[in-house]
Amino acid sequence: MDWQIKPLAKECAVSGEAFEIGDEVFCFLYRDEEGQLQRADVSAAKVDDFPRPEAVLGKWGREVKPRGEEEKEARAHALATSEELFLSMCESDSAEVAEDRELFKQVLALLLERKRILRSRGRPENGVQTYLHVRSKQEYQVQSSDPDPMALVRIQEELNALVF
C-alpha cells in the first residue's frame, strides 16, 4: 500500500490568499458536515481560524516549494507525511470522528510498520496493539480488530484522493 502525496492547493482554504514559495502550510484531513472526507491546505498564519477543528482526523505541515521541486520532494517525503499524520491522529481527542480516526490509525500503523517506522510490541491485548515509534521510542496504542473490508477500501480510496 504505497501512496503519493498530492500537491498543495494553490491558495489558503481559510483566507483564499495564494501561497508563496517558502510559506509554511498545514494540511488538515477532516470530515465535513455531510460526512465526506476532505483536505484543507491552510497557511500557518490562519491555522487558528480553521472552521471545524472538532472534525479534524489529523494534520501535517509542509513548506511551499517551486512546482517541479515540490513533486520530487513529495515522493521523497511520502513516508514522513504518513508518519506525521499518524502521530497527529494519536494526539487528537475529538470524539466526533473517533471511530474513523481509529480505522485511519490502524491503516497507517500497518503501513508504517511495513516501512519500519513503527514496531509492534507483542500481540494485541483486548483489541489493542501497542506500537513503538522507533525514532522517539514512544509507544502508541492502536485498535487491533478485523475491520470491515469495505471500510478499508473506502478509507484507502479517501486517502488516495485527498492526501496521498
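This report describes a sheet, a nonpolar core and the cysteines of a predicted model.

## The E4-E5-E6 sheet

An open sheet is built from three strands, ordered E4-E5-E6, with antiparallel pairing. Strand E4 (118-125) and strand E6 (139-143) each have a single partner strand and stand at the edges, so one side of each lacks a neighbour in the sheet. On average, and with direction ignored, neighbouring strands of this sheet are turned by 25° against each other.

Five bridges join strand E5 (residues 128-133) to E6 in the antiparallel sense. Within this pairing, Val 128 has Gln 143 of E6 as its bridge partner.

## The largest nonpolar core

In soluble globular proteins, nonpolar side chains tend to be buried together. The largest nonpolar core of this model comprises 36 residues. Phe 28, Leu 29, Val 42, Phe 50, Phe 86, Met 89 and Phe 104 have the most contacts inside this core.

Two or more core residues come from each of strand E1 (24-31), strand E2 (37-43), strand E3 (56-63), helix H2 (78-91), helix H3 (98-114), E6 and helix H4 (149-162). Helix H3 supplies the largest share, seven residues.

## Contacts of Phe 86

With residues up to four places away in sequence not counted, Phe 86 touches Lys 105, Leu 108, Ala 109, Leu 112, Leu 118, Tyr 140 and Val 142.

## Cysteines

The structure contains zero disulfides. Cys 27 has a relative accessible area of 0% and is therefore buried. Cys 90 has a relative accessibility of 21% and therefore counts as partly exposed, because the buried class requires a value under 20%.

Technical notes. Residues are numbered from 1 along each chain as its sequence is written. This is a predicted model: local features need pLDDT of at least 70, side-chain atom pairs count only at pLDDT 80 or more; totals for chains, interfaces and linings use all residues. Side-chain values use heavy atoms; hydrogens and water are left out. Two strands pair if DSSP finds at least two bridges between them. Helices (H or I, at least four residues) and strands (E, at least two) are DSSP runs, numbered from the N terminus. Axes are lines fitted to C-alpha atoms, for helices over the stretch in contact, and angles run from 0 to 180 degrees between N-to-C directions. A nonpolar core is a set of buried Ala, Val, Leu, Ile, Met, Phe, Trp, Tyr and Cys residues joined through side-chain atoms within 4.5 Å. Buried means under 20% relative accessible area, exposed over 50%, partly exposed in between (1.4 Å probe, protein chains only). Contact means heavy atoms within 4.5 Å. A disulfide is a pair of cysteine sulfur atoms within 2.5 Å.
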